Amino acid sequence: MGGVLAADAALLGFARALRAAGVDASADRLHSFLRAVDELGPSLRADVYWAGRLTLCGDRDDLERYERVFAAYFGTGETDRKAVSVPPPSRLRLIVRDTPEPRTTASGEREGPPTASLAGSAEVLRHRDIAELAGADREQLRRLLAAFTLHGESRRSARRRPARRGEVDPQRTVRELLRHGGEPGRLRRHARTERPRRVVLLVDVSGSMAPYADALLRFAHAAARGPRTEVFTIGTRLTRVTRELSHRDPDLAMTAVAAAVPDWRGGTRLGVLLREFLNRWGQRGMARGAVVVVLSDGWERGDPEVLAAQMRRLRRLAHRVIWANPRRARPGYAPLAAGMAAALPSVDAFVDGHSLAALESLAAVVRGADRA
């Protein structure tokens, strides 16, 4: 029983990672995935791979994301890569096969399936504090972060497109009538298109945020793959690093950011730098109607009143202001630091930022899932 629960938890964690990567793994698709794995058994990685690929992916764009998340979540191996690379047979047939009984440990408990055990480590990793990770765990975290996508909450555009339902399009309807010599024809309709809002990330790289800065910048790198994302670092200076994060390779992007940012592990001047951002970029349109995300622990060396005033300015410009604080998840935490206390009245959503699971939740909040 424990092995089954562990396998289900691992597969659900895999589905959550796919959603964070932008795959529309809906509840119906997830149910089909779990049924397929239950039929095949989770003992072979190739079976889990094909079960997920055939049930969780909805279009061609999902395939690349699925490959990245599967490799990061379940790991890779020579034998597995060979099995996974084989295309499915053109004609499917049911095969009844004997499933080997799970082995029993010395304590009398049955061992879980190998794939569930492997994925179970990734599921545990999702909830661990990033500051505590090292070595192989941190490398796996980086692979999972590389599969992320980040899209702002959708908004209705002024542009319209042909649609089956919606308002009547008079121009297209008249053209249709003229084409048929004035004979009655079908009404043509159009509807407004939707596009994601711009996302602006302000990543704190001061000394107090040092254990989290690399992971948060890799999260920002994954977000910067979108066309409407801007990234800045804040510490003692404000640095725009959107161009540096445009490198497809995460490690090259991190190297470029390290060379561009002069204030690593320094102090924090949140109020002054937020004012500089608003005066130079935000007021001109970058923050207007955007989803602005501040990733910081809220420590402020300057006057908290300056930060409070600038946060009010930001709140008036932005569609939504989200603050992700890695310290928030710690037992007994309260936003008593002067900077955090000054900023909170102007924040729409105050969320954790300490773990992979927290960053997945942050991505959902940015998409507006908490408001749906």
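**Salt bridges in a predicted model**

Tutor: In this predicted model, a salt bridge joins the side chains of arginine 248 and glutamate 64, at 3.0 Å from N to O.

Student: Where in the chain do arginine 248 and glutamate 64 lie?

Tutor: Arginine 248 is in the loop between strand E6 (238–240) and helix H10 (250–260), whereas glutamate 64 belongs to helix H4 (residues 60–74). The two are 184 residues apart, and the pair links distant parts of the chain.

Student: Is arginine 248 buried or exposed?

Tutor: Arginine 248 counts as exposed because its relative accessibility is 66%, over the 50% cut-off. Glutamate 64, at 44%, counts as partly exposed.

Student: What about glutamate 360, which residue does its side chain meet in a salt bridge?

Tutor: Its partner is arginine 126, at 2.5 Å from N to O. Glutamate 360 sits in helix H14 (residues 356–367) and arginine 126 in helix H6 (residues 114–127), 234 residues apart.

Student: Turning to aspartate 352, what does it pair with?

Tutor: Aspartate 352 forms a salt bridge with arginine 328, with the closest N and O atoms 2.8 Å apart. Aspartate 352 is in strand E9 (residues 349–352) and arginine 328 in the loop between strand E8 (320–325) and helix H13 (338–343), so the pair ties together parts 24 residues apart in sequence.

Student: Which residues are linked in a network?

Tutor: Salt bridges link Glu139, Arg142, Asp214, Arg218 and Asp251 in a network.

Student: How many salt bridges does the count come to?

Tutor: The count is 15 salt bridges.

Note on methods
Residues numbered from 1 in each chain as written. Predicted model: local features only at pLDDT ≥ 70, side-chain atom pairs only at ≥ 80, totals over all residues. Heavy atoms only, no water. Salt bridge = Lys/Arg side-chain N within 4 Å of Asp/Glu carboxyl O. Helix = DSSP H or I, 4+ residues; strand = E, 2+ residues; numbered from the N terminus. Buried < 20%, exposed > 50% of the residue type's maximum accessible area, 1.4 Å probe, protein only.
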